[in-house]
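Subject: Structure handover

Hi,

Here is the structure I promised to pass on. Please open it first, then read my notes below.

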Amino acid sequence: MITITVATVFAVIAAACTPGKGPESIPLPTSPDTTTTSSTTTTSTTTTTTTIVPPTYEATIQRTTDGIAHIRAADRDGAMYGQGWVSAEDHGCTLIDQVLKVYGERSANLGPGPEGENIESDFAWRAIGIAEIAEADFAEAPATLVDAFTAFAAGWNDHLTATGRRGLVGWCGDTDWVRPLEPVEIYAYSRSVALLMSSGQLAPYLANAQPPSPDLAEEPTAEPPLFDRAEIAERLPEFGRFDLGSNGWAVGRDRTADADGLLVANPHLPWEGELRMHEVQLSVPGTYDVYGANLVGVPGIGIGFTTGVAWTHTVSAGHRFTAYSLTLDPADPTAYLVDGVSTPMTSIDHEIEILRPDGTVDTEVRTLWRSEYGPLLDLPGIGWNDTVAVSYRDANLDNNEFIEQYQALLSVESLDELIGVHEEFQGNPMFNVVATGADGTVWYADTSATPNLSAAAQTEWITQREQNPSVGAAFDRGMVLLDGSVSTNDWVTTPGARDPGLIPWSGFPMVERTDYVFNSNDSYWVPSAEFTLDASSVLQGERDIPQSMRSRQSAAVLGNNNDLGLAGDDDRFTGVELRDATFDNTAGTARLLRASTVQACRATPVVGVPELLDGFGGEILPAAFVDVSAACDVLDAWDGRYDLDRAGAIVWRETMAQFTDAERTAPGPLFAGPFNPLDATATPSQPNPDSTPVLVALGRAVQTVEAAGFSVDSTLGAAQFTERAEQRIPLHGGTDADGVTNIVEWSTLADELLSSTEPTPVRGDPIVPTSPIRGEGYPINFGTSFVMTVSFGGAAGLEAWALLTYGETGDRGSSLYDQQMVRFSEKNWRRIVFTDAEIASDPNLTERTISR
């Protein structure tokens, strides 16, 4: 065992440096941390007395297979200290980069960035103002929460002191902007996580929201307003991106072989940047013993289990903010009318510093505006003109309960306790919760922060979706756009809500069962194939609409009729059976449409396809008569799985890529027959008897696959991959369009939101605009991340398995960086070691104690 004290580290530094000097940006202590020494001298004798002062923080860090950290401490603060240390050890640069982001200080430390992106990010986050809000809340926060963040910061900073900037893991090593962090800065970043589906997605449209110039109406090149819904929607970004998706499955005692509870946690998140998760166990004897993962740099556990309950999250389909169309005062474009009364906007001058390449620093000031709802937006297609502007109100900006709730979750030991914590704090920012208790009771709930509109306001918004092109276009892109000129669209304050204007606990959809529940990012409405739920507001998500293929596949896996046979001959899952079902990789689209497609291509082996042109009239693919017979043979032999050795998956993906999401889920070119809300997970299912669209799509797929340099019988493993440590690792899994529950794909979300400054891999140009395939195949940077299954029963008692696909460390030179991705490729689950005996028997165990 290795014991590290900060006093020892400081002594080494002090010996090598003149007092007051040391690694840049890392202050040295002026006195020892762990010992104090006093001495008294006389002419004849010298007496020295040493008093040992107990450490402020102490934690034991055990590392097991794949580098997983198990942190044990005598108290909560010690555990947080240890978690802060390992967070810096495994992902040092990520947290400080995010602190600079939310404080709007990237330009001062990193320069303007490519095309000024750091400048735009700084002004956007200054406009959001979460850092100032968080600092005010931290000053009033419960002492236990302040202590937890203080301890976490101490651990992070002590690791930085121990290693120096050059020893920090990540892209920031030995840069001037690396420095110790304050507890409140880590708290502010943690608070910003709650804004991922609201202000975080609006950030790119905040920095340049400016009133029109006085002579706008006379400007001959001014862009005319848009009145077509589809044209406006095409200009708008997509809000509420379901790149941040997941599967959550909970199976109860009626459907398990041991009459216990089972859970699958399968969040789909980026494999680069700050939305990576970090796996850890936190143990404080007599207080808590919890295992799971959280976002890098955020204290505590987000998804995890104790001996009595396991839980996971999926991103809710509800709305976390409402936008407001402001009718401007004709006399003043910085004032707007509410019930006929002019209301002035407020302006704030934000000043940022900008580090230039020559080392000089200058400043830029922008005046940004706010309405009573929040910041003004510069939305493409809607904008801020001389008659209309757009603002928004965020349901999570004041969500200080978010952090308190997740600290409280560390101690839950039953499903009832977990539900009680959610009810007490109501701090869930944007998640469905799927959980199982050790007794085999399962729970689904969408307790996300949701604006509370009156029934009249909801009805009017639904009407305006069809009548007002801007409102309809915004809805098509995931935004609720309300008329801000009438106060009836204000949020309604109801007793029992976490904050004024939000839906209270009594309005959240939830259910307890003993068979199963799931969510795969569709709305609360269908948490099972066996029943549906109601909610109190249309802002909590749509109902009576076709479900995604991924949701339908989850229902097919878990349903009481055991359609896919994955629960075994007894129709009851064991922990291993549910674990294996997680990577079954059957495509829902293939399950429903492959046989009819094969029948059609057998009858019509040669298909005419039109030419495919780019936006400038240039030919991408020629018009041709395409022989699809070889592809037809491959699809006929394929079992519909997206596994490494399967031929057919590539051709099928390219075929499905020719259709929209709506066409893959609703009656249309692929499906005939109606969608039945009473059988939402099984309809529509009848293939369209007119096979022309799917045959043309198959012909185009053959063209595309061959243009990319692959053959129609290439296996998925030959094309789908990720690169880790310069190694090409083949990957199983599919996309939402494929209808596979185990998601792997390429996401541009991090780049679009300017969320991380870390250099990340890029992919080649597309072969055709509608296809994800490149000349190198299907590069992957997103999807299944921290995947975990938990079983509470059986002869073995509590058993759990996990993979953190991108690894426990961000160190691209470490063997741990690609180790778990190889495991994922091989479907080689890691058994979680949880008890002292299991940890002690791990063949890769290392242990050390750290203290301040």
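Arg229 and Asp476 form a salt bridge, with 2.7 Å between the closest N and O atoms. Arg229 sits in helix α9 (residues 229-235) and Asp476 in helix α13 (residues 469-476), so this pair ties together parts that are 247 residues apart in sequence. Arg229 is partly exposed, because its relative accessibility is 24%. Asp476 is partly exposed too, with a relative accessible area of 41%. For a sense of distance, take Asp476 and Val787: they are 311 residues apart in sequence, and their C-alpha atoms are 31 Å apart in space.

One caution before the rest: this is a predicted model.

**Other salt bridges**

How many salt bridges are there by the rule used? The count is 42. Here are two further pairs and a network.

Asp636 pairs with Arg602, and their closest N and O atoms are 3.0 Å apart. Asp636 belongs to helix α17 (residues 629-637) and Arg602 to helix α16 (residues 588-603), so the bridge ties together parts 34 residues apart in sequence. Asp636 has 39% relative accessibility, so it counts as partly exposed. Arg602 is also partly exposed, at 42%. Then there is a network: Asp584, Asp639, Arg641, Asp643, Asp645, Arg646 and Lys827 are joined by salt bridges that share partners.

The side chains of Asp174 and Arg166 also meet in a salt bridge, at 3.1 Å from N to O. Asp174 is partly exposed, with a relative accessible area of 37%.

**A negative patch**

Five acidic residues gather on the surface as a patch of negative charge: Glu413, Asp416, Glu417, Asp439 and Glu512. Glu413 is in the loop between α10 (401-408) and α11 (415-425). Its relative accessibility is 32%, so Glu413 counts as partly exposed. That value also clears the patch cut-off, because patch residues need over 30% relative accessible area.

Asn396 is in the loop between β18 (388-394) and α10. Asn396 counts as buried, because its relative accessibility is 0%.

**Backbone points to check**

Most residues other than glycine have a negative phi, and most peptide bonds are trans.

- Gln426 is not a glycine, yet its phi is positive, at about 50 degrees. Gln426 is in the loop between α11 and β19 (431-437). Gln426 is buried, because its relative accessible area is 10%.
- Glu726 is another residue other than glycine with a positive phi, near 65 degrees. Glu726 is in the loop between β30 (720-724) and β31 (727-730). With a relative accessible area of 83%, Glu726 is exposed.
- The Thr683 to Pro684 peptide bond is cis, and its omega is near -5 degrees. Pro684 is in the loop between β28 (671-672) and β29 (686-687).

**One more loop residue**

Phe834 is in the loop between β37 (830-831) and α24 (836-840). Phe834 is buried, because its relative accessible area is 7%, and buried means under 20%. Where is Phe834 relative to Thr493, in sequence and in space? Phe834 and Thr493 are 341 residues apart in sequence and 44 Å apart from C-alpha to C-alpha.

Best regards

Notes:
Residues are numbered from 1 along each chain as its sequence is written. This is a predicted model: local features need pLDDT of at least 70, side-chain atom pairs count only at pLDDT 80 or more; totals for chains, interfaces and linings use all residues. Side-chain values use heavy atoms; hydrogens and water are left out. Patches are made of residues with over 30% relative accessible area and no salt bridge: like charges are joined within 9 Å, nonpolar side chains (Val, Leu, Ile, Met, Phe, Trp, Tyr) within 5 Å. Accessible areas come from the Shrake-Rupley method with a 1.4 Å probe; for residues, only the protein chains shown count as cover. A salt bridge is a side-chain nitrogen of Lys or Arg within 4 Å of a carboxyl oxygen of Asp or Glu. Lys and Arg count as positive and Asp and Glu as negative; His and the chain ends are not counted. The place of a charge is taken as NZ of Lys, CZ of Arg, CG of Asp or CD of Glu. Helices (H or I, at least four residues) and strands (E, at least two) are DSSP runs, numbered from the N terminus. Buried means under 20% relative accessible area, exposed over 50%, partly exposed in between (1.4 Å probe, protein chains only).
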